[in-house]
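Please read the points below with the sequence and the model open side by side.

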Amino acid sequence: MSALTRDPEYTDPFSTPGRWFRGNTHTHSAVSDGRLSIAERFAAYREAGYDFLALTDHRCVSDVSPFSDRDFLAISGSELHPRNPFGGELYHLVALDVRETIESRGRDANDVIADVRAQGGHVIIAHPYWCGHSVVDLMPLEGCFAVEVYNDTCARIGKANSEPHWDDLLDRGRPLLGIACDDAHYPDIDCFHGWVMVKAPDLTRESVLGALLTGSYYSTMGPAIHDVQIVDAEGSASGGEALPARKVVVCSSPARAIACKAQRSLGRRHLAPEGQLLEEAEFPLSGAEKYVRVEIEDERGRKAWSNPIFFGDRWSAISPR
Ligand SMILES: [Zn+2]
Ligand SMILES: [Zn+2]
């Protein structure tokens, strides 16, 4: 296997067959501290054109099965708050696809994550910037599949964006995917601004959760990512032996900037010339990248984030999996 082979555990959403589904993974109702009833919350997202929504009230799980049908998927969940002995405030962990309420007060975070997984559920690290968390708090967490790169309700204090937290964890070998979400509490101000576009064969719980877990989606505040591919570039040599060089090719909706990021100082950002917008960009790879991920920024400053493409053998050297 060459050093730049995609990790086969993850799915490329842009080439896998299926349909795109729009969803939000983090929402509250009046059952905890949200301002809408569960029924009103599901109705609002459905009306806004979403295909699925996870209800994640603090410390409790509600039965959301009445809100699922052929055209809409309701996912049960909860937001859990185990103790943090590493200096930061309490953890905020989003648990998806759990059925029973899990006690998290005063408990060890990894025990709580293990309980979620024992129910067949999946854990997302919520809004680390808003929590004041750093890698000191986040590295001890085991068994989470994603981190919220964008959380809209946190925009109210200007801390919606947790890109550096995600990158720090990736650089230290945590194979985490990124999630954009609303974390909706109000009827309007923190709704419909951050979501995921999931590529799945159909709108069933198994398909959508399977696509989320294998990275078959991208996250966005509005811009569309049409394609991110690793392709052969022309002529190059490496270590005295001629090898095909590779490059990342990105296609998106019109963008003010397109960036390709890898560990530490690797990567590049292309900025559109004044008065113009980009719809594609290319990034030659040095061969040293352990992963790459792509960010799009449109004229209004709204962003979209691809998931990392992990390069199998290089990534496994730093990943604890
Ligand atoms: Zn929270
Ligand atoms: Zn929340």
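1. Which residues point one way from strand β9 (residues 217–220), which point the other way, and are they buried or exposed? Tyr 217 and Ser 219 point to one side of β9 and Tyr 218 and Thr 220 to the other, and all are buried. A residue counts as buried if 20 or more other C-beta atoms lie within 10 Å of its own, as exposed if 12 or fewer do, and as partly exposed in between, with C-beta atoms placed from the backbone. Strands (E, at least two residues) and helices (H or I, at least four residues) are DSSP runs, numbered from the N terminus.

2. A word on conventions belongs here. This is a predicted model, in which local features need pLDDT of at least 70 and side-chain atom pairs count only at pLDDT 80 or more, while totals for chains, interfaces and linings use all residues. Residues are numbered from 1 along each chain as its sequence is written, and chains are lettered from A and ligands numbered from 1 in the order in which they are written.

3. With strand β8 (residues 195–200) the pairing is antiparallel and runs over 4 bridges, and Met 197 stands opposite Tyr 218 of β9. With strand β16 (residues 303–305) there are 2 bridges, again in the antiparallel sense, and Thr 220 has Ala 304 of β16 as its bridge partner.

4. A separate point concerns the open sheet of 3 strands, which has the order β10-β11-β14 and antiparallel pairing. Its edge strands, each pairing on one side only, are β10 (225–232) and β14 (278–284), and the twist from one strand to the next averages 15 degrees, with axes taken as lines fitted to C-alpha atoms (for helices over the stretch in contact) and angles running from 0 to 180 degrees between N-to-C directions. Strand β11 (residues 246–255) and β14 are joined by 6 bridges in the antiparallel sense, and the bridge partner of Lys 247 in β14 is Pro 284.

5. Helix α5 (residues 163–171) has His 165, Trp 166, Asp 167, Leu 169 and Leu 170 buried. The elements that cover these buried residues include α3 (128–131), α4 (135–138), β6 (144–151), β7 (177–181), β12 (257–261) and β15 (291–297). After α5 comes Gly 173, with a positive phi near 90 degrees.

6. The domain assignment, whose bounds come from an automatic or database source, gives domain 1 (19–215) and domain 2 (225–316). Their C-alpha centres lie 27 Å apart, and the contact takes 9 residues from domain 1 and 8 residues from domain 2, two residues being in contact if their C-beta atoms, placed from the backbone, lie within 7 Å. On the side of domain 1 that touches domain 2, the elements giving two or more residues are α5 and β7.

7. The largest nonpolar core has 83 residues, and those with the most contacts inside it are Leu 93, Ala 95, Ile 124, Ala 180 and Val 208; such a core is a set of buried Ala, Val, Leu, Ile, Met, Phe, Trp, Tyr and Cys residues joined through C-beta atoms within 7 Å. Strand β6 gives the most to this core, with 5 residues. Because domain 1 (19–215) and domain 2 (225–316) both give residues to the core, it lies between them. Leaving aside neighbours within four places in sequence, Val 208 is in contact with residues including Phe 21, Gly 23, Phe 52 and Val 198.

8. Trp 195, in strand β8, is buried, with 27 other C-beta atoms within 10 Å. Trp 195 and Gly 23 are 172 residues apart in sequence but 5.8 Å apart in space, C-alpha to C-alpha. Beyond its neighbours within four places in sequence, Trp 195 is in contact with Arg 22, Gly 23, Asn 24, Ala 180, Cys 181 and Thr 220.

9. Two aspartates deserve a look at the backbone. Asp 97, in the loop between β4 (93–96) and α2 (109–118), has a positive phi of about 65 degrees although it is not a glycine, and is partly exposed, with 18 other C-beta atoms within 10 Å. Asp 183, in the loop between β7 and β8, has a positive phi of about 55 degrees and is likewise not a glycine, but this residue is buried, with 28 other C-beta atoms within 10 Å.

Technical notes: Two strands pair if DSSP finds at least two bridges between them.
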